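Here is a short tour of charged side chains and one backbone angle. Have the chain open beside you as you read.

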Amino acid sequence: MTVEVALSVMAGAGVEYLLLCDGDDERTGSVTRAELVVHRDSSAYTDRVRLRDILGAPCPVAGSVSFCP
């Protein structure tokens with residue numbers, strides 16, 4: 001999933017962060033909307049940046065949306 005798609009999912013779901021999971025549905029990290037916006041607005045950003053390249057600090061489970069590729 002790309003940063004733009006993740007931001008769209010988050011906006012649609014009304015959440016501030018996504019939990020990231022691996023192929024075995026094990027949680028590998030999380031990413032906040034604010035972190036994604038910083039990456040999107042950086043000069044190094046391209047439309048190929050994927051969530052697996054941007055891992056944030058752990059976050060609580062309540063009120064989140066999980067994304068398990």
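Exposure here follows relative accessible area, where buried means under 20%, exposed over 50%, and partly exposed in between (1.4 Å probe, protein chains only). The model is a predicted one, in which local features need pLDDT of at least 70 and side-chain atom pairs count only at pLDDT 80 or more, while totals for chains, interfaces and linings use all residues. Residues are numbered from 1 along each chain as its sequence is written, and side-chain values use heavy atoms, with hydrogens and water left out.

How many salt bridges does the structure hold? There are two, a salt bridge being a side-chain nitrogen of Lys or Arg within 4 Å of a carboxyl oxygen of Asp or Glu.

| Salt bridge | Closest N to O |
|---|---|
| Arg33 and Glu16 | 3.9 Å |

Helices (H or I, at least four residues) and strands (E, at least two) are DSSP runs, numbered from the N terminus. Arg33 is partly exposed, at 24% relative accessible area.

In the other pair, Asp41 is exposed, with a relative accessible area of 56%, whereas Arg40 is partly exposed at 31%.

Now for the backbone. Asp25 is not a glycine, yet its phi is positive, at about 60°. You will find Asp25 in the loop between E1 and strand E2 (27–32), and with 53% relative accessibility Asp25 counts as exposed.
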